[in-house]
Amino acid sequence: MKALSLLLLSVLSATLTNAYFYVPNFMSTLPFQGGSAFAKNNNSLYIFGGENATSTYTNSLYQLTQTESSYTWTTVPQTNPPPGTLYGQAVVYSSGKSMLLMGGLSNSTSNQALPLQMYSYSFDGHNWSTWAGNGNSSLAMSGVAPVNRYMFSATYDNNSKVYIYGGAFNNSALPDFYAFDVSTFQFTQLNNPNRPRYGHTASFLSNGKLVVIGGVAVTSSASALASMEEVLVYDTTKNVWSVQKTQPDSTGNFPSTRSAHNAFVTPDNNIIIFGGDNGAGMRNRMYLNAVAILDTNTWTWTIPTIDGIPPSRRSYAAAAMLDDDHLTVAFGEALNTYYNDINVFSLSKSQWLQSFEDVSSDSGSSVSAGLIAGVTIAGVVFLLICLFLLWRFQSYIRWFLTRLHHDIWKPRTGEPMWAETTRIICQIFMLFLFAMFLVFVIRQSVNSPNVTQRIEESVAEVDVPDVRFCFDGYPNYGPADARSPGVVCQTDTGYSCTGFVKPLNMSVFTPTFASDLGAVSCFLFRSDASFRMTSTSGANNGSRLLFTFFGDQTISTGRVHVSVYPKQMDPNVKVYNINDEIPVIMSDFDVLNWQNNERNDIATSNIYEVAPYTYNALSYDLIDHRYLQPVGWNYVGFSPISNSTPEVETTFRAEAPNPRYVQTHADLSFMAVYPATYATFIDRETKMYTLLNALGFVGGIFGILVAVQTWLFGFRPRSPWGVVHRWSVGEMRRSLLRGLQANFKTTESTVPLVHPLHPRFSMNNMPADLGYESEGQRISRVEERMQILELLFKSYYVDDEIFRSLDNATKAGDLNAAAAAAAAAGQQPRPLFPSEKNNADIARSNTGGFSHMFNNNRQSVASLNSETHSEQQLNARV
């Protein structure tokens, strides 16, 4: 049998989970609770009682209403509310005008042999009325009314009857079965199936049958979860119970057995079950979040494949179908965890939704015939376009392939083919290695972890943080009573900073503390921007904040909860609507999460507890944490994009309570707050690997590969032309050729390194008749080739600075010698700067050109005088 010790826990921790259905308007106000009584009324779900993190029995009444686009949440007013109730049942009757609360555990009725406790709530008058028989134990002893119970089922037939079956009382399962008439408030004991059961569900079908599913079935020898291979069916028209066998789903599986789950009836008489647990003791209890559907026409189970984000596993949830398609599941519990989320399951989409605008992920997964035909036609058209472009630009493609071949295949004269082939294969292999390394460093940069660098700079003044003080367990006796909670602030220089301490309105928001010591009242210390702590003495605010706490000194169990915040990240400012000149950069979503953490008491950073009669000290450092933004530019490694988030680091020390504190102090306790370091801190987040870092690695590997290839196949000089020159086309190419032709004219000679000096040196085409050439023509050809070669080297291969420096030095030496000679002869020395006329040759030579050497009509005197001699020598050789 399920261990019921959970019912005795009064304080349990709660866990905030994502509200999978996003309701930002009221998510922070949803209570953490489970085990509530709930009932559907039109498109609203009314929820009463249950347990939460601090109370086992609560008596709040809420209304969750589904709209076309979202939900609304309301705390329903109550007059004369019932006591807090756990694991009770509720039904709406009288055409939606009233709600009946039935059974359940309460602080006063737990394990008491009383009749089923009932309270009726009027939606019009917002008041509760108590059933007259609640206190008459003889009704339960005589069987006129069922004994009060919990974990039972109460099912309304939408007419006048509520069918009550099973449940637990005093750790014992009950088998009885009653009908309650809401018009007469009378019970009728009906034929029961003699199967004690609790934690089950009972669903009423349109054909008048009541279907009982799951729960813990108890026999004389043992208790176990009821099988899903059969269900109990009660025919309300015949007053007959039967056991109905069920069929597995298409895979031969039945749903998991469960208790404390939820069940819902769809308009077509299908029963949907959700959640639950295995009914074991707390140490072995396991929970479900699965959905299963029972077709009551064929009694066949279906376990659907579901998309979306499923709810957390839970039992004792509040759930209903508020329209014909959406299943709403809210709240619930799992061991020591309470939930405050809302989850919506779409039957038509078989998907858990985050909003009603969600589109099923399967809606676009099926591929239609039209889509296939469209893709096929597009592929054919694309292929035809490619073929046309290949035919239209075939000349350019051939040119490209030829250029590519010339750039790759470069055998040296006299070098065998195998050597060039081996070089090309090695080059391709090294290119592959280089590409792999390039991919590696890029992936390393993309997947680089973030590291944080701390930058510290000493300063004389530092800002102060916001500090919140929450008194837990200290009643407020009024503003004139010295026992009321309060905080006084001053600095170590005697400056009063109490004016910066503001009381917070607990009616707006009240933090929750698991200790639950009593009344909670909070104060916030928030100074203006000009108030700072100073490391030096003098006319300043001081170096320490000294807080003194006041309250009822007779209460030794109370505590003061201290929380520290950076000024720009203080959510209290937004929650309590504090208006000052210091902006708070927290988003509404962050504030909402903070509120949920506060209500759940799970916040851990910069939160401390001050005991009464103690001395305490807290040091802090304010930090500007610059987090990298998830943008592509940050992978580059230059001028990263980040957001600046103020943070605070604190260290706290508390002394043991002083037993003689109250003898010398009128206050509760004392705390000093001071800067740990007089410095500004910047925590800068950077990528460990970036693309700029990768350039160094890439360059190193490239150099190694080039060196290996040179070592294997020798050095091959690179062309002074780059890719832009070599691969230029059209007018760009023609302009390059025109420039070469205009600046490097050839007349009688051929191009050096391309053509031989004379046809007789051609190995490929030896002419039969070399013809007549004078010695002057040969010398002119050699001179011209040498000048072309010198010009090309100067323009593309060498830097002529040292040559021009040598020329200037030579001219300076000549000028100095001439000046010395002129001085010795008594003549006027030559001017330091020659006239333009006398320096024409020098000016011409400094232009860097040799155009004066390429006169087509020039012919030296020596060449003319030697023509006859050269002709005689050639004739003699022939």
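**View 1. The charged end of Arg314 sits over the ring of Tyr339, 4.3 Å from the ring centre.** A charge counts as over a ring when NZ of Lys or CZ of Arg is within 6 Å of the ring centre and within 35 degrees of the ring normal. Arg483 likewise lies over the face of Tyr477, at 3.8 Å from the ring centre. This is a predicted model, in which local features need pLDDT of at least 70 and side-chain atom pairs count only at pLDDT 80 or more, while totals for chains, interfaces and linings use all residues. Residues are numbered from 1 along each chain as its sequence is written, and side-chain values use heavy atoms, with hydrogens and water left out.

**View 2. Tyr46 and Phe123 form a tilted aromatic pair, 4.6 Å centre to centre with 50 degrees between the planes.** Rings of Phe, Tyr and Trp (its six-membered ring) pair if their centres lie within 6.5 Å; planes under 30 degrees apart are stacked, over 60 edge-to-face, the rest tilted. Tyr46 is buried at a relative accessible area of 8%, and Phe123 is buried at 12% (buried: under 20% relative accessible area, exposed: over 50%, partly exposed: in between; 1.4 Å probe, protein chains only).

**View 3. Phe500 and Phe525 form an edge-to-face aromatic pair, 6.1 Å centre to centre with 80 degrees between the planes.** The two residues are 25 apart in the chain. Phe500 counts as buried at 15% relative accessibility, and Phe525 is buried at 0%. Both belong to one aromatic cluster, which also includes Phe469, Phe547 and Phe549.

Terms used:
Helix = DSSP H or I, 4+ residues; strand = E, 2+ residues; numbered from the N terminus.
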